[in-house]
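Visitor: Could one part of this structure be described closely, for a reader who is new to it?

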Amino acid sequence: MAEKKANLGDLNILLGVSGGIAAYKAVDLASKLTAVGALVDTVMTENACRLVGPKSFEAVTNSAVFTSLWSTSEEYKISHIALVDWADIVVVAPATANIIGKIANGICDDLLSTTLCACWQKPILLAPAMNDNMWDNPAVRRNVKALKDMGFRLVGPEKGRLASGTEGIGRMSEPQDILEAVGKIAFAVRHPVKEINRKKK
Ligand SMILES: Cc1cc2nc3c(=O)[nH]c(=O)nc-3n(C[C@H](O)[C@H](O)[C@H](O)COP(=O)(O)O)c2cc1C
């Protein structure tokens, strides 16, 4: 079946990938975002790199993958601040309980968390993915609420089969659903709502 295509032509998407088992699905998401015209740079946590290789993202996006605050000489021009300036939309998929906790509490101890701390005023979409017990944990609930209050958008998680083999809430949304959520944000970025109550001069 033909996929419904979002038009992300020429939008710069910063894709953050943290260390959840759904990281392999983020490669498909990166591919889909690129296929609809977005320019995708990827930032991976060290734990994400244990689950899926940075080369996969590089291959499907034909673009840079960043994995460390302490970049190599070739990457020296691209600081986390430059990445923030570059991004029109930021997507974190999968978003682990850990990265959700870090960004809700302003913790910056690696490239992804530091970048997210610096870009909180950009449109940010999180696709949480974790075990249902983790999702139900009061500390996680508190962090999710704090992020929603700050204006972060969430897609998922969904109910279904979890990596542990049990059924519950915590599955990352499918890449196609995340793509559609990004498409809605892209529309809002391109068509900002005019201030209704703007004072007349
Ligand atoms: C195989 C494996 C799968 C994991 N899957 C998840 C997951 O889906 N969600 C989650 O929150 N943590 C998951 N974890 C635990 C995280 O990797 C761990 O909390 C880590 O500190 C996250 O680091 P990061 O957020 O910096 O990537 C998993 C760990 C392993 C070993």
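Guide: The buried residues of helix H5 (97-104) pack against strand S4 (89-95), helix H6, strand S5 (124-128), helix H7 (132-136) and helix H8 (138-149). Helices (H or I, at least four residues) and strands (E, at least two) are DSSP runs, numbered from the N terminus. This is a predicted model, in which local features need pLDDT of at least 70, side-chain atom pairs count only at pLDDT 80 or more, and totals for chains, interfaces and linings use all residues. Residues are numbered from 1 along each chain as its sequence is written.

H5 is mostly covered, with six of its eight residues buried: Ala97, Ile99, Ile100, Lys102, Ile103 and Ala104. A residue is buried if 20 or more other C-beta atoms lie within 10 Å of its own, exposed if 12 or fewer, and partly exposed in between, with C-beta atoms placed from the backbone. After H5 comes Gly106, which has a positive phi near 70 degrees.

H5 also contributes three residues to the shell around the ligand, the largest share. Helix H2 (46-51) and H5 are the elements that give two or more residues to this shell. Of the 16 residues around the ligand, those that come nearest are Gly19, Gly20, Thr45, Thr96 and Asn98; a residue is near a molecule if its C-beta atom, placed from the backbone, lies within 6 Å of it.

Terms used. Two residues are in contact if their C-beta atoms, placed from the backbone, lie within 7 Å.
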